[in-house]
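Subject: Structure handover

Hello,

Here is the structure I promised to pass on. Please open it and keep it beside you while you read my notes below.

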Amino acid sequence: MSSDTAPILSVNGVVKRFVLRRTLGDRLARRPGLTQTAVDHVSFELAHGEILGLAGGSGSGKTTLARMLIRLVEPDEGRIIFRGSDVRDAGGRDLREVRRQMQMVFQDPYSSLNPRMRVGAAILEAGRVHHQPGAENGTSFVERILDLVRLPASAAQRRPQELSGGQRQRVAIARALAVGPEVLIADEAVSALDVSIQTQLLNLFLDLRDELGLSIIFVAHQLSVIAEVADRVAIMHEGRIVEIGSTVDVFHHPTHDYTRALLAAHPHPRPPAPTGGVA
Amino acid sequence: MNDLSVRFRTEDGVVRAVDGISFAVAPGRTLGIVGESGSGKSLTCRSVIRMLPPEGAMSANQIVFDGHDVLAMDRAALRAHRARSVGMIFQDPFSCLDPTKRVGEQIAETLRVNAGLDRAAAKSQALTLLEDVGIASPDRRYLSYPHELSGGMRQRVMIAIAVATKPKLLIADEATTALDVTTQAQILSLIQRLRREIGMSVLLVSHDFGVIAQVCDRVAVMYGGYVVEFGPVEDICTRPQHPYTRALLDSIPSLESAGQRVRRAGIPGQPPSLGEVTTGCPFVDRCTYASDPCRTMEMVMLEVGRGHTSACPVTVGNRS
């Protein structure tokens, strides 16, 4: 992680307002109507090879923010500088390229994978659409990608519903990796999984960062999950980042009241230290 | 309430979902059931009121609730038992509330039907309940529809309905799973307060060991349809005996390890799916202590401490 070089992604003063109600009178007077500010002047940077955790309660704007980075939601204000140019100015081919380089992984792989497509075909399709090297040679490409997410080559023949939740999420990640991204945006990607499976996935994200040098934005409501994967963490509350800093600082020396409240409410088994003894 | 003991077997065709579970909840105490998806924890708590999906069949030696044999009840008695003695809350309050009715009326309806109050008394009691569960301006909220409330408020309304008849047992099945941590903490302390005030017992089902540890006296750890370890919460958290419990506790991410880049070992492999036919210990394929006898052993709870039992013969006496 070279912190002295330019960040891969730099977000500056991004705002998103959702219109709740806009009457005819508002339209005639060109007023915005009743709006709710979901993301309110948010700025942060993501370094190469960094894992940035984005935490906050429901409705804090973390998902909206994550989606704006690849313009699944259009920002109203602000700049999103990815590799030197503003994502908001990108159109057509450029936007597709931005979305190739910044891939999203969602909470529910069941709804993001085509249930009728075998795993191998889904991976191959993603790779071919974006002209990835090696994608013309189907089987070895698929095997290489599956290997990245620690799935056996035999998984290529399976359909999503034949897989367990954890395996399905690995496939969703594999599909994201198939297009050769530089940034992964994981939106609650491990939240629906059982703890024993969650651990495996967290380790996978750490491996991917180490092996591929990926930068990762890791959105989660579960603070302890972020505590274990993130290098830095941003705490969101009511559309703003109320605290951002190294994971150690934010979790051990929180400065904002909301961060303290979140940490205090976090349930953990009474002896928090791991008990050891299991390989 | 007398001790409640359950021992049953559910069969879905030839499929075994839950096997040989026995436990007891004393009055005013809190028992937690913790386990991963498919471990059978929800089926276990539902069978306490014989509320299983139609294709599920249960058998048990005995389910005694407050001196009454639940297994011997006919439909009417069972209905009355469910209505008056047991309150239940689920993960998703939205699907349990009637979207077309004001929430206050739903609480009042419960009181009219199950406690025989007249309209006026039911309404004033419902307002008191809304206040009890910590809803601000109950007069206004009485008239709200479920979709107008936040998730935390809906869960409070569900709790109000569940405790309306002052049940002796509250069953909370993943009741706080969908909520924010701050809301979750509020709901958990609300349950604790009501437990003390009404003197009810609580059966709390969760996949989250942290939640269980915070509110329960005793905990049953379930895996693959079996209880693999049972005992006082402190004991189990500090001296877990069963390899599954140990591995589970080790897998839980913690705030204390922030920034230390610990990589947890986790548990390799997949949990058995519900109803997968297994013999011997269900954890055998993922267990580091496993040996051949584990594949054929019978699941028997062995005493490992005071009121603390574990189903693993290998780790007994091998205190880590």
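Start with the sheet in chain B. Its 8 strands form an open sheet with mixed pairing, in the order E7-E8-E9-E3-E10-E11-E13-E12. Strands here are DSSP runs of E with at least two residues, helices are runs of H or I with at least four, and both are numbered from the N terminus. Two strands count as paired if DSSP finds at least two bridges between them. The edges are E7 (86–89) and E12 (302–305) of chain B, each pairing on one side only. Neighbouring strands of this sheet are turned by 20° against each other on average, direction ignored. Such angles come from axes, lines fitted to C-alpha atoms (for helices over the stretch in contact), and run from 0 to 180 degrees between N-to-C directions.

A word on the source. This is a predicted model: local features need pLDDT of at least 70, side-chain atom pairs count only at pLDDT 80 or more, and totals for chains, interfaces and linings use all residues. Residues are numbered from 1 along each chain as its sequence is written, while chains are lettered from A and ligands numbered from 1 in the order in which they are written.

Back to the strands of chain B. E7(B) and E8(B) run parallel, with 4 bridges. Val86(B) faces Leu169(B) of E8(B) across that pairing. E8(B) is also parallel to E9(B), over 5 bridges. There, Ile171(B) stands opposite Leu203(B). E8(B) has 4 of its 5 residues buried, so the rest of the structure largely encloses it. Buried means that 20 or more other C-beta atoms, placed from the backbone, lie within 10 Å of the residue's own.

Next, helix H8 of chain B, residues 181–198. Its 18 residues reach 25 Å from first C-alpha to last, close to the 26 Å expected at 1.5 Å a residue. That expected span is 1.5 Å times one less than the number of residues. Among its buried residues are Val181(B), Ile187(B), Leu188(B) and Leu194(B). The buried residues of H8(B) pack against H7, E8, E9 and H9 of chain B, together with H11 of chain A. Gly199(B) follows the helix, with a positive phi near 70°.

As a whole, chain B has 11 helices and 13 strands. Buried residues make up 45% of its 320 residues.

How many residues of chain A are in contact with chain B? 40 residues of chain A touch 43 of chain B. Contact means C-beta atoms, placed from the backbone, within 7 Å. On chain A's side, H8(A) gives the most, with 6 residues.

Last, a sheet in chain A. Its 4 strands form an open, antiparallel sheet in the order E2-E1-E4-E5. E2 (34–46) and E5 (85–86) of chain A have a single partner strand each, so one side of each is left without a neighbour in the sheet. E1(A) and E4(A) are joined by 5 bridges. Ser10(A) stands opposite Ile81(A) in E4(A). Helix H2 (62–69) of chain A packs on this sheet, touching E1, E2 and E4, and its direction makes about 65° with that of E2(A).

Best wishes

Notes:
Two residues are in contact if their C-beta atoms, placed from the backbone, lie within 7 Å. A residue is buried if 20 or more other C-beta atoms lie within 10 Å of its own, exposed if 12 or fewer, and partly exposed in between; C-beta atoms are placed from the backbone.
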